[in-house]
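Please look over the sequence and the model before reading on.

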Amino acid sequence: MRVPIPETHPLSPKSPYATSKAAAELYIKTYTNLYGFRYVILRLFNVYGPRQSRSYSGVVAEFVRRALRGEPPVIYGDGEQTRDFVYVSDVVKAMVAALKTKVSGVYNVGSGTPTRIVDLAYAVLRVVGVGNLRPEFREARPGDVKHSVADISKAARELGFRPTVDLGTGLRLLVDFYRKLEPRPSVGP
């Protein structure tokens with residue numbers, strides 16, 4: 001797989017979840033070919049931020065929740081896999097830009113920056129202030145992609161999309177949000 005991943009990269013889903021996303025795109029494209037209308041598909045990479053559903057919590061929210069409870073982050077695999085984390089307010093900006101333009105097509109929405117999962121875990125532990133914890137490693141899950149980073153050049157060029165919240169800032173915002181919801185655990189320095 002080519003990284004960063006452009007919108008033109010062939011779709012090759014590795015999980016039922018990924019297959020459902022690819023199928024939705026094909027339905028939209030087929031309908032467009034039959035009946036002709038403008039469409040915009042936003043391929044959202046790893047979105048994180050406040051109020052994320054517990055049924056789809058994502059790794060960032062899960063790491064933060066665990067760290068705030070004084071529990072180590074759980075990493076499936078060796079932690080060397082990379083992901084593209086984009087803060088929810090940047091995703092909203094991309095959606096508004098897509099609504100305001102006359103373009104049609106598929107656009108990646110991410111930060112364009114690769115982050116190793118092990119680095120994310122340690123960053124969360126630092127922001128939460130539980131540097132005494134260490135990630136727990138478990139067996140890799142079937143269907144997990146090793147590297148997933150967005151090529152956002154098309155969205156930048158055609159939608160004017162530029163992410164503004166870096167991962168460190170986003171983590172601080174998220175931790176502050178959860179701390180307002182849940183009291184801080186009593187853990188060591």
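## Terms and model

Helix axes here are lines fitted to C-alpha atoms over the stretch in contact, and angles run from 0 to 180 degrees between N-to-C directions. The model is predicted.

## Helices α4 and α6

Start with α4 and α6. Their axes come within 10 Å and cross at roughly 50 degrees. Angles under 35 degrees count as roughly parallel, and 65 to 115 as roughly perpendicular. The crossing of α4 past α6 is right-handed.

Which residues make the contact? From α4 come L120, A123, V124, V127 and V128. From α6 come L167, L171, R172, V175 and R179. By class, this contact of α4 with α6 holds 8 nonpolar residues, no polar ones and 2 charged ones.

## Helices α2 and α6

Helix α6 spans residues 167–181. It also packs against α2, at an angle of about 50 degrees. The two axes lie 10 Å apart. That angle makes α2 oblique to α6. Here too the handedness can be given: α2 passes α6 in a right-handed crossing.

On the α2 side, the contact uses V60, A61, V64, R65 and L68. On the α6 side, it uses L171, L174, V175, Y178 and R179. The contact of α2 with α6 divides into 8 nonpolar, no polar and 2 charged residues.

## Helices α2 and α4

The remaining pair to describe is α2 with α4. Helix α4 covers residues 117–128. It packs with α2 at an angle of about 40 degrees, and the axes are 9 Å apart. The two helices are therefore oblique to each other. Their crossing is right-handed.

In α2, the residues that meet α4 are V59, V60, F63, V64, A67 and L68. Their partners in α4 are I117, L120, A121, V124, L125 and V128. What classes do the residues of this contact fall into? There are 12 nonpolar residues, with no polar and no charged ones.

## The cavity

How many cavities of 30 Å³ or more does the structure hold? It holds 1. The largest cavity has about 40 Å³ of space. Its lining is made of 10 residues. The closest to its centre are N46, V47, Q52, G58 and V59.

Two elements each supply at least two residues of this lining: β2 (46–48) and α2 (58–68). The lining has 6 nonpolar and 4 polar residues. No charged residue belongs to it.

Key:
Residues are numbered from 1 along each chain as its sequence is written. This is a predicted model: local features need pLDDT of at least 70, side-chain atom pairs count only at pLDDT 80 or more; totals for chains, interfaces and linings use all residues. Side-chain values use heavy atoms; hydrogens and water are left out. On a 1 Å grid over the protein atoms alone, a cavity is a set of points where a 1.4 Å probe fits but cannot get out, and a pocket is an open set with protein on both sides within 12 Å along at least five of seven lines; lining residues have an atom within 4 Å of a point. Grid points are joined across faces, edges and corners, and a volume is the space filled by probe spheres set on the points. Helices (H or I, at least four residues) and strands (E, at least two) are DSSP runs, numbered from the N terminus. Ala, Val, Leu, Ile, Met, Phe, Trp, Tyr, Cys and Pro count as nonpolar, Asp, Glu, Lys and Arg as charged, and the others, Gly among them, as polar. Angles under 35 degrees count as roughly parallel, over 145 as roughly antiparallel, 65 to 115 as roughly perpendicular and the rest as oblique. A crossing is left-handed if the near helix is turned anticlockwise from the far one by less than a right angle, and right-handed if clockwise. Contact means heavy atoms within 4.5 Å.
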